[in-house]
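User: I have a new structure to look at. Can you walk me through it?

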Amino acid sequence: VAMNQRASSPMVRPWRMGSGPAPTKLSQPGRKSRPSSGRPAGLGRSSTHTALPCRAAASATDSKTLDFQAGYEKTLILAMAALGGVNKIFYPGTMEGALTVSKEGLVLDDEIAAAVYRLLEGVRVEEATLAVDVVNQVGPGGHFLKQRHTMQFLTGEHFLPKLANRQTREKWLESGGKNMADKAHEAVEKILAEHKPDPLSPSAEAELERIVREVEAREAKRG
């Protein structure tokens with residue numbers, strides 16, 4: 001609170017010890033563990049209650065590969081942070097407790113973030129979305145695929161992923177049978193080959209170079 005009175009934004013960083021009671025797990029003979037980022041929802045709620053800005057680590061995983069563990073940890077932690085009201089979320093693309101960064105992980109986290117954004121939008125319950133008149137028109141035994149209302153709301157109400165596969169098995173095999181990690185790697189290659197970032201202004205580039213030289217000189221004095 002004192003920091004807030006001085007117009008200073010605090011950084012709140014949550015930590016989850018292992019996957020259970022931390023002291024017990026960490027004290028077991030032959031078992032090595034370390035803190036891992038997670039459970040930011042409570043911090044977000046506290047930040048909202050006290051009107052303090054809050055940032056927290058999400059999109060994080062302790063997994064060393066882009067496997068099922070990485071998928072569920074990243075999704076759950078990111079969703080908890082967003083639903084908890086965290087203002088700034090960081091650590092996308094990180095692996096093994098943020099010791100490494102995966103380019104493919106960044107692409108996959110972008111898709112997870114898009115799904116979480118849709119989650120935050122919620123479900124609109126109003127006359128247009130309830131479509132009682134359309135339901136009565138179609139009636140029992142009918143279907144809604146050819147209704148104008150369906151086409152109008154389909155893309156907005158449903159999350160349509162770029163990488164997740166929703167084809168039939170036959171179509172999936174025909175297209176190469178690639179998993180999400182394979183498709184993420186292809187996306188990375190495409191981005192690196194085609195993306196043209198906007199160049200920095202000369203003044204911004206000069207300032208960055210000045211900062212680097214200043215840090216190098218300071219570290220050199222420390223020996």
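The chat below goes through the chain, its cores and its aromatic pairs.

User: What kind of model is this?
Analyst: It is a predicted model.

User: What is the average pLDDT of the protein chain?
Analyst: The average is 81. A score of at least 70 is reached by 78% of the residues.

User: Where is the pLDDT below 50?
Analyst: Over residues 1-28. That stretch still has 43 contacts in the model beyond near neighbours in sequence.

User: OK, the fold. How many helices and strands are there?
Analyst: The protein chain has eleven helices and six strands.

User: And what share of the residues is buried?
Analyst: Buried residues account for 26% of the 223 in the protein chain.

User: Contacts next. Of those between residues at least 6 apart in sequence, how many join residues at least 24 apart?
Analyst: In the protein chain, 59% of them do.

User: Now the inside. Which residues make up the largest nonpolar core?
Analyst: There are eleven: Cys54, Ala56, Ala58, Ile77, Leu78, Ala79, Ala81, Ala82, Val86, Ile112 and Val116.

User: What other core lies apart from it?
Analyst: One of six residues. Val107, Leu108, Ala187 and Val188 are among them.

User: Switching to rings. How many aromatic pairs does the structure hold?
Analyst: Two. In one of them, Phe68 and Tyr72 form a tilted pair, 5.7 Å centre to centre with 50° between the planes.

User: Where do Phe68 and Tyr72 lie?
Analyst: Both are in helix α4. They sit four residues apart, about one turn of the helix.

User: Are Phe90 and Tyr91 buried or exposed?
Analyst: Phe90 is buried, and Tyr91 is buried too.

Technical notes. Residues numbered from 1 in each chain as written. Predicted model: local features only at pLDDT ≥ 70, side-chain atom pairs only at ≥ 80, totals over all residues. Heavy atoms only, no water. Core = buried A, V, L, I, M, F, W, Y, C linked by side-chain atoms within 4.5 Å. Buried < 20%, exposed > 50% of the residue type's maximum accessible area, 1.4 Å probe, protein only. Phe/Tyr/Trp six-rings, centres within 6.5 Å; stacked < 30°, edge-to-face > 60°. Helix = DSSP H or I, 4+ residues; strand = E, 2+ residues; numbered from the N terminus. pLDDT = per-residue confidence, 0-100. Contact = heavy atoms within 4.5 Å.
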